[in-house]
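Good morning, colleagues. I would like to take you through one structure today, moving from individual residues to the ligand and then to a helix.

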Amino acid sequence: MQKVRPKKHLGQHFLRDTTIAADIVSLLSLHQGYTKVLEIGPGMGVLTDFLLQQTAYQTWLIDIDAESVAYLRKKYPPLDAFIIQGDFLRLVLDRLFAEPFAVIGNFPYNISSQILFKVLENKDRIPEVVCMLQKEVAQRIASPPGNRDYGILSVFLQAYYDIDYAFTVPPGVFEPPPRVQSGVIRLRRNRVSQLDCDEQLFFRLVKQGFNNRRKTLRNSLKPLGLNEAISQDPLLDKRAEQLAVRDFVHLTKLQGNEL
Ligand code: SAH
């Protein structure tokens with residue numbers, strides 16, 4: 001079959017190494033109570049080949065690229081009804097997937113954060129995610145507090161998912177090679193159904209805290225109008241990147257509904 005021409009604006013870097021592809025797919029635990037797996041950006045199906053070896057779940061594919069989708073439909077005729085041509089960021093998930101499903105993919109790196117924000121919006125239906133991203137982003141998401149890489153997405157995702165950094169993938173195994181190293185991570189939904197605080201306030205506080213990540217929280221959170229209780233907390237002398245999820249929850253509770 002004629003190969004898909006890689007298109008830069010779609011973040012297309014096709015993985016050539018099937019051992020790595022198998023390793024990525026094997027990170028799916030299958031113990032999280034889902035029967036469907038949605039692959040984002042299958043391209044020519046290097047991961048799909050391994051997904052289809054599993055009968056424990058039903059594989060769905062979404063790719064924005066018409067050429068890739070035509071390729072996939074030819075390659076996997078029985079999968080026809082499970083292949084979606086479209087933008088994952090615009091996909092209305094409730095219509096397609098009423099039950100829990102896992103997400104897997106070598107993500108287009110330019111939109112990987114947006115994909116993960118969408119996962120967060122649907123966290124109660126997405127028990128597991130296995131994905132390849134630009135290495136720095138993967139590290140940031142998996143990184144514990146105290147690290148310079150730690151940021152908003154790390155806090156939000158770590159609030160609801162247990163995250164492991166699995167392995168690094170060098171540029172040379174892709175066609176064409178990306179300029180950056182890649183990293184594979186796995187996210188598994190934790191037991192937190194709701195944070196033990198006002199979640200909207202938590203999100204605002206975290207965002208505001210990282211707005212000026214080099215300032216202490218006392219300064220970066222000032223625009224929110226801090227109350228007496230929170231002002232006296234020693235955590236305010238730290239910077240956002242030093243705080244774990246539970247610390248932000250603690251501060252959110254102190255600030256209460258007064259913002
Ligand atoms: N999984 C393949 C391809 C990875 S490249 C491999 O490992 O070889 C990223 C893929 O994501 C491309 O196929 C690209 O067409 C697709 N893509 C880019 N933007 C997308 C979007 N918004 N929604 C769905 N797929 C997208």
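Contact, in what follows, means heavy atoms within 4.5 Å. The model before you is a predicted one.

Let me begin with Glu128, which is found in strand E6, residues 128-134. Is Glu128 buried or exposed? Its relative accessible area is 0%, and because the limit for buried is under 20%, Glu128 counts as buried. Setting aside residues up to four places away in sequence, Glu128 touches Leu27, Leu28, Ser29, Leu30, Gln32 and Tyr34, together with Phe101, Ala102 and Val103, and also Arg186, Leu187 and Arg188.

The side chain of Arg239 is joined to that of Glu241 by a polar contact of 3.0 Å. Which residues does Arg239 contact once its neighbours within four places in sequence are left aside? They are Arg213, Arg214, Lys215, Thr216 and Leu217. As for Asn212, 27 residues separate it from Arg239 in sequence, while the C-alpha to C-alpha separation in space is 8.9 Å.

Now to the ligand, which sits in the largest pocket. It is surrounded by 21 residues, of which Leu15, Gly41, Asp63, Asp87 and Asn106 are the closest. Strand E1 (14-15) and strand E3 (58-63) each contribute at least two residues to this shell. At the level of atoms, a ligand nitrogen is 2.8 Å from a polar backbone atom of Gly41. An oxygen atom of the ligand lies 2.9 Å from a polar side-chain atom of Gln12. For Gly43, a polar backbone atom is 3.4 Å from an oxygen atom of the ligand. On its own the ligand has 570 Å² of accessible area, and the protein covers 97% of that.

Finally, helix H11, residues 245-255. Its buried residues are Val245, Asp247, Phe248, Val249, Leu251, Thr252 and Gln255. Against which helices do the buried residues of H11 pack? The partners are helix H7 (152-160), helix H8 (199-211), helix H9 (217-220) and helix H10 (228-231). After H11 comes Gly256, with a positive phi near 55°.

Thank you for your attention.

Notes. Residues are numbered from 1 along each chain as its sequence is written. This is a predicted model: local features need pLDDT of at least 70, side-chain atom pairs count only at pLDDT 80 or more; totals for chains, interfaces and linings use all residues. Side-chain values use heavy atoms; hydrogens and water are left out. Buried means under 20% relative accessible area, exposed over 50%, partly exposed in between (1.4 Å probe, protein chains only). Helices (H or I, at least four residues) and strands (E, at least two) are DSSP runs, numbered from the N terminus. A residue is near a molecule or strand if one of its heavy atoms lies within 4 Å of it. A polar contact is a pair of N or O atoms within 3.5 Å; within protein, one must be able to donate a hydrogen and the other to accept it, and residues adjacent in sequence count only if both atoms are side-chain atoms. Accessible areas come from the Shrake-Rupley method with a 1.4 Å probe; for residues, only the protein chains shown count as cover. On a 1 Å grid over the protein atoms alone, a cavity is a set of points where a 1.4 Å probe fits but cannot get out, and a pocket is an open set with protein on both sides within 12 Å along at least five of seven lines; lining residues have an atom within 4 Å of a point. A molecule sits in a cavity or pocket if more than half of its atoms lie within 2 Å of its grid points.
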